[in-house]
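Welcome! Take a moment to look over the sequence and the 3D view, and then we will walk through them together.

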Amino acid sequence: MEYVLLGISVLCEVLATGILRNAYCKKHVKNSADLYLFNAVSSVVTLAGLALISALNGALCMPSPYTVLFGILFGLVTAGCAVFHMMALKAGPLSYTKVIVSCSMVIPALSGAVLYGESVSVWQYVGMGLVMLSVVLAVDHEKKDAHASVRWLVYCLLAFVLSGSIGVMQKIHQTSEHKGEIGAFLLVAFSVSALFSFLMIPYSLKKENCRLSLRENGASAAPLWLYSLVCGAGIAFCNHYNMYLSGVIESVILFPVLNGGSMILTAAAGLIFYKERLTRAQTLGMILGVIAILLLCGIVPLILRLLP
């Protein structure tokens, strides 16, 4: 049963944070306010999903001040990561965007060594080096609008840093004496993510002197509700059950499948379904990024473990 949940979690990750986000951003997003609206609505759906799951599991509890404060910070980082990720999807290819953002696992890997004295293998150091090469090769210098390619890479790197920070913060909370409050922690986080995104909508409208796309030319709100509902539900499922799976499946199997599996499937979806075309340098960079992620998430130990 655990491996069925693992497979569903990978597919939810691919669908929610990859394919559907990419489709919505490229088709329906015209300004920053549109991004904040989408993130706000999907965060509300995620919040409702997590509340329902926690209630059914009897995991609702009064959070400590530590969890509340940490949850607020986590929510702000989560919202920022989602928005910059969507900005990158709007500006560039799904395949390479997913690879670069997935490489953010290098941050919690390094933090584990610095903060907790965890060992870093030779393979992981090689993976870190390949991450840097992948980023260097990302910019499309052959593109007519080279500035657009640079802007896409900046958004990717901001999402990279914030995504890596999420992993560090999860580790810090789950190694504290308040680790049993994970349900409350996530509820606080996504409440803050939704509130922050809603508050940023009028600010973005004023700053960019624009209107929400939903208010232009009689645009339908159906795509917003549909995409937000599916994305929010998928994110809620992943957040809750990945925590459960981390306690019942060995890390050497869990993280390679979660991280490597979702990254490879998302990148493949971009290349196959969206017909994305990369330069030779970008193709090499993406391949190096894929190899880096497989090394960072422990695919080598997994292969060695499976060998007779």
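## A residue to start with

Ser 102 counts as buried because its relative accessibility is 12%, where buried means under 20% relative accessible area, exposed over 50% and partly exposed in between, with a 1.4 Å probe and protein chains only. You will find Ser 102 in helix H4, which covers residues 94-102. Leaving aside neighbours within four places in sequence, Ser 102 is in contact with Met 263 and Ile 293; contact means heavy atoms within 4.5 Å.

A few words on how to read this. The model is predicted, so local features need pLDDT of at least 70 and side-chain atom pairs count only at pLDDT 80 or more, while totals for chains, interfaces and linings use all residues. Residues are numbered from 1 along each chain as its sequence is written, and side-chain values use heavy atoms, with hydrogens and water left out.

## The helix around it

How many of the residues of H4 are buried? The count is 9 of the 9, so H4 is largely enclosed by the rest of the structure. Among them are Leu 94, Tyr 96, Lys 98 and Ile 100.

Now look at Ala 292, which sits in helix H11 (residues 280-296). With a relative accessible area of 0%, Ala 292 is buried. Not counting residues up to four places away in sequence, Ala 292 touches Gly 127, Leu 130 and Val 131. Ala 292 and Val 131 are 161 residues apart in sequence, yet their C-alpha atoms are 5.9 Å apart in space.

## The whole chain

Stepping back, the chain has 12 helices and 0 strands. Both kinds of element are DSSP runs numbered from the N terminus: helices are H or I with at least four residues, and strands are E with at least two. Of the 308 residues, 52% count as buried. Among contacts between residues at least 6 apart in sequence, 87% join residues at least 24 apart.

What about overall dimensions? The C-alpha trace spans about 60 × 55 × 35 Å along its principal axes. The chain has a radius of gyration of 19 Å, which agrees with the value near 19 Å for a compact globule of 308 residues; the radius is taken over C-alpha atoms, and the globule rule is 2.2 Å times the number of residues to the power 0.38.

The chain exposes about 14900 Å², with carbon and sulfur atoms supplying 69% of it. Such areas come from the Shrake-Rupley method with a 1.4 Å probe, and for residues only the protein chains shown count as cover.
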